[in-house]
Amino acid sequence: MAAAIFQGFGASTALSLSKSIDSKRVKLPFGRSLSERRASFVVVGSDGRLVSDSSRARKLVTNAVATKADSAASTSASKPGHELLLFEALQEGLEEEMDRDPHVCVMGEDVGHYGGSYKVTKGLAKKFGDLRVLDTPIAENSFTGMGIGAAMTGLRPIVEGMNMGFLLLAYNQISNNCGMLHYTSGGQFKIPIVIRGPGGVGRQLGAEHSQRLESYFQSIPGIQMVACSTPYNAKGLMKAAIRSDNPVILFEHVLLYNLKERIPDEEYVLSLEEAEMVRPGEHVTILTYSRMRYHVMQAAKTLVNKGYDPEVIDIRSLKPFDLYTIGNSVKKTHRVLIVEECMRTGGIGASLTAAINENFHDYLDAPIVCLSSQDVPTPYAGTLEEWTVVQPAQIVTAVEQLCQ
Amino acid sequence: MDFPGGKVAFTPEMSFISESPEERAHCYRVLDEDGQPLAHSSFIQVSKEVAVRMYTEMVTLQTMDNIFYEAQRQGRISFYVTSIGEEAINIASAAALRFDDLVFPQYREPGVLLWRGFTLQEFANQCFGNRDDYGKGRQMPIHYGSNKLNYFTVSSTIATQIPHAVGAAYSLKMDKKDACVVTYFGDGGTSEGDFHAAINFAAVREAPVIFICRNNGWAISTPTSDQFRSDGIVVRGQAYGVRSIRVDGNDALAMYSSVQAARVMAIGEQRPILIEALTYRAGHHSTSDDSTKYRPANEIEWWRTARDPVSRLRKWIESNGWWSEEAESELRSNVRKQLLHAIQVAEKVEKPPISDLFTDVYDVPPSNLREQEMVLRETIKRYPQEYPGDVPV
């Protein structure tokens, strides 16, 4: 009998979870029917015991961006799994895959001896050598192109953009070659490359370092895009991306690298095309990803106190969308709120709105509401910057209006 | 303590390094214009078989270019790019390489594929985009690719293949293979950022790549005087710390020797080599171009005839007694016949099926593409008269 699946409630340190995996459905490939998936969840309370009463489940509390050490420290000693920060989870996933397959290699600026600007590649150069963890000159077009050439020749490179915004310089290679060459060569050459890096609005990094590349890349045929948001899904998605034969762009967020969570000791790989049910509910479907997940969960706290029951889904897969999970949710709640960090024009939210309208129009009781950043470059001043990003208060207001 | 970069001699005399050298970098050549070996020329001896094979392939390439160009003019194929004037670069460099060496072409190097065994039928199939095309009809004509022959599919974008080549060389280096990577590009391509970054990187990472620049004088209508002000491309090698040589690109023996020597250095010493092959683009940029608009017609004609690399090699093999008039006319008529036949066959083969529109975007078609294919098929069923009859559903 397959082990039950525990779903997380955000990477809050107030909650420590143990997750065991149904070994039969470690990875769901494209196109396979998702009927093996369960719709129901088992909730784990902060004391580690199973909670079967759904009303108690609603009182579970999560933090937006976890920073404090948690009270579960006393129980952590008895729990399986190990605690780590998100960037360490990425590194663990990367290291495991490099151990497993000698073709996996890393290239990027300062990834080698410096360990990467966000320390995701720390220690790897020492362990695997200079040739497998390659420091590149400042030429994003060049080293992305290099990665593509290496991938076509049989390696499985992971290209790190120091900041996602810098990958705009590599856009030509990503669009015209990475996405295209498998197709135009008639399937003769494949490109199993992973392109990853931190993006999103940080803390006063300036307009050029606050880009949301997922909006620009979403149209490129031939690539897949995923966004991680917790240490658990960061490691799982990293491993899945490396094992995929398609080019995958893994979006990390500058502000989420220090999230702490307890993740399983056993090996696990997540599906690239699946969304994550963060909090089941009945009244409204809130779709979000990356950092906005935490703003949503913070708003959920307030909403729950006001008597609402939001269903929160971290869409994780930005291209393609997991319309199965999303559709089931829409059919249940009939109201959709999308919370994203992208600009209003041409962002992930815009595409998601279109996709849901097209596919689930009959199930909607109200027009889809999409909360996004304004169409402005991110200002440097802290107060201004804060107001270009969707805040929990706005999310609460939007839900209240939607549920009237 | 020395400045970063190492010890350097200091001088009280202020002098600027000139922007142009006193003398331009010398150009290596073996045969003179009449196909006779120059005195004191050092070159790798070529056997009769190899020489004759090189010549026949050059003639084949030249004939293929002429016939396919005409086919485009007749509306039988939609587009074509010739390599007229650059046959020696194409064939001789390919002859000097081994099969395991990976080739990253720009688009004016079909001769390398020809040398490795791509058949005239396979060329025709790609140009006609029929069911037998390895690219499954997805690319424009002349965007050949063959993983079997280690020739990476041509991508229209300029110079993007140069970083790919460096990445592939890095892969070979990691596997310690006895092979190198060769990448080709034109004079125009060297202006692209990808060129500079890639060659710099290859030098830093000691990657076994041979960079072959076909400096044919023109980037569509832009002459090299508007492309760069350096003494061609060869001087850039030293700027990046890369060993380089300038070669007469219309001299098959010089190309052969230099590429072979480069290969030995690239693999043996694990370093990149830059070869600038001087030549002239005797044809138009493509079938969408009429170069008489920006250069004199008599100049083009002169290069086509008086400086033709094919006839230059012919003179050499004839003087060795390895070739004859009869062999010439037999070869040309044979090749011509084969080409016309290949075109006829390719024209009749049906086009790739509609399902090939959606495969290979990913390893397995995802749900949105499967849905889109369904929608397309329904549309075709509803409006069959709008759908072309020669494309299978």
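**Strand E4(A)**

I started with the pairing of E4(A) and strand E5 (residues 133-135) of chain A in this predicted model: 3 bridges join them, and they run parallel. Strands here are DSSP runs of E, at least two residues, helices are runs of H or I, at least four residues, and both are numbered from the N terminus. I count two strands as paired if DSSP finds at least two bridges between them. Gly108(A) has Asp135(A) as its bridge partner in E5(A).

Next I looked up strand E6 (residues 156-160) of chain A, which pairs with E4(A) in the parallel sense over 5 bridges. There, Met107(A) stands opposite Val159(A).

Buried means under 20% relative accessible area, with exposed over 50% and partly exposed in between (1.4 Å probe, protein chains only). Val104(A), Val106(A) and Gly108(A) cover one side, Cys105(A) and Met107(A) the other.

**Chain A overall**

I noted 14 helices and 16 strands in chain A. Of its 404 residues, 62% are buried. I also checked contacts (heavy atoms within 4.5 Å): among those between residues at least 6 apart in sequence, 81% join residues at least 24 apart.

**Helix H11(B)**

I checked the length of H11(B), residues 325-348. Its 24 residues should span 34 Å at 1.5 Å a residue, and the end C-alpha atoms are 35 Å apart, which agrees. The expected span is 1.5 Å times one less than the number of residues.

I listed its buried residues as Glu328(B), Leu331(B), Val335(B), Leu339(B), Ala342(B), Ile343(B) and Ala346(B). An α-helix has 3.6 residues a turn, so residues three or four places apart point the same way. The buried residues of H11(B) pack against helices H1 (48-73), H4 (120-128) and H10 (309-319) of chain B.

**Largest cavity**

I wanted to know which residues lie nearest the centre of the largest cavity. They are Gly200(A), Glu214(A), His253(A), Tyr289(A) and Ser290(A), out of 13 lining residues. Strand E9 (residues 248-253) of chain A gives the largest share of the lining, 3 residues.

**Bookkeeping**

Residues are numbered from 1 along each chain as its sequence is written, and chains are lettered from A and ligands numbered from 1 in the order written. In this predicted model local features need pLDDT of at least 70, side-chain atom pairs count only at pLDDT 80 or more, and totals for chains, interfaces and linings use all residues, while side-chain values use heavy atoms, with hydrogens and water left out.

Notes
On a 1 Å grid over the protein atoms alone, a cavity is a set of points where a 1.4 Å probe fits but cannot get out, and a pocket is an open set with protein on both sides within 12 Å along at least five of seven lines; lining residues have an atom within 4 Å of a point.
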